[in-house]
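Hello,

Here is the structure I promised to hand over. Please open it first, then read the notes below.

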Amino acid sequence: MECEQACGKSCNQDTCGACCGGGCKPQITITPVEYALLQQLAITPFLPVASGWDLKTPVYLEETDYTQEEYTAAIRALDGKGLIRMDYDIPLSNFPYQAYQAYPMHGSMALTGAGQEIVEQLEIQGIERDV
């Protein structure tokens with residue numbers, strides 16, 4: 001991992017912890033649709049998610065700025081990066097899942113601690129989505 005961008009020093013597994021006085025932190029790339037979902041989760045802590053029985057294709061239908069396929073890819077990517085958590089055993093109470101009737105599994109998604117940290121860093125750094 002490199003810390004050069006942050007402090008001009010490089011580090012690797014052998015020196016990790018000494019770089020910049022605080023250790024190495026991995027860099028995460030966020031796509032525009034991932035950014036949009038993170039921002040939405042920062043505003044609304046729990047969002048609906050649905051899927052087929054195999055749970056391999058998460059579906060989010062609440063926004064239309066991107067295609068359903070882009071939202072699915074973003075949800076999978078954010079989950080893979082550990083920034084969100086999907087819980088199909090915890091559907092949103094009092095949420096009308098009518099739009100999700102074609103999908104048998106209804107659940108929720110929320111930011112993880114790492115996701116919350118990323119959202120806060122984006123806010124601190126003043127990074128905004130390119131439109």
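Helix α2 covers residues 32-43, and its 12 residues should span 16 Å at 1.5 Å a residue. The expected span is 1.5 Å times one less than the number of residues. The end C-alpha atoms lie 17 Å apart, which agrees. Helices (H or I, at least four residues) and strands (E, at least two) are DSSP runs, numbered from the N terminus.

A word on the source: this is a predicted model, where local features need pLDDT of at least 70, side-chain atom pairs count only at pLDDT 80 or more, and totals for chains, interfaces and linings use all residues. Residues are numbered from 1 along each chain as its sequence is written, and side-chain values use heavy atoms, with hydrogens and water left out.

Back to α2. Its buried residues are V33, E34, Y35, A36, L37, L38 and L41. Buried means under 20% relative accessible area, exposed over 50%, and partly exposed in between (1.4 Å probe, protein chains only). The cover over these residues includes β1, α3, β2 (84-87), β3 (105-111) and α4 (113-125).

**The core**

Which residues touch the most other members of the largest nonpolar core? They are L37, Y60, I75, I84 and M109, out of 26 residues. The elements giving two or more residues to this core are α2, β1, α3, β2 and β3. The largest share, five residues, comes from α2. A nonpolar core here is a set of buried Ala, Val, Leu, Ile, Met, Phe, Trp, Tyr and Cys residues joined through side-chain atoms within 4.5 Å.

Take I75. Leaving out residues up to four places away in sequence, I75 touches L37, V49, P58, Y60, I84, M86 and M109. Contact means heavy atoms within 4.5 Å.

**Salt bridges**

There are two salt bridges, each a side-chain nitrogen of Lys or Arg within 4 Å of a carboxyl oxygen of Asp or Glu. One joins E34 and K81 at 2.7 Å, N to O. This pair links distant parts of the chain: E34 sits in helix α2, K81 in the loop between α3 and β2, 47 residues apart. E34 is buried, at 5% relative accessible area. K81 is partly exposed, at 32%.

D87 also forms a salt bridge, with R85, and their closest N and O atoms are 2.8 Å apart. D87 is buried, at 13% relative accessible area.

**A loop residue**

L61 is in the loop between β1 (47-51) and α3 (68-80). L61 counts as partly exposed because its relative accessibility is 29%. Beyond four places in sequence, L61 touches Q68, A99, Y100 and Y103.

Best wishes
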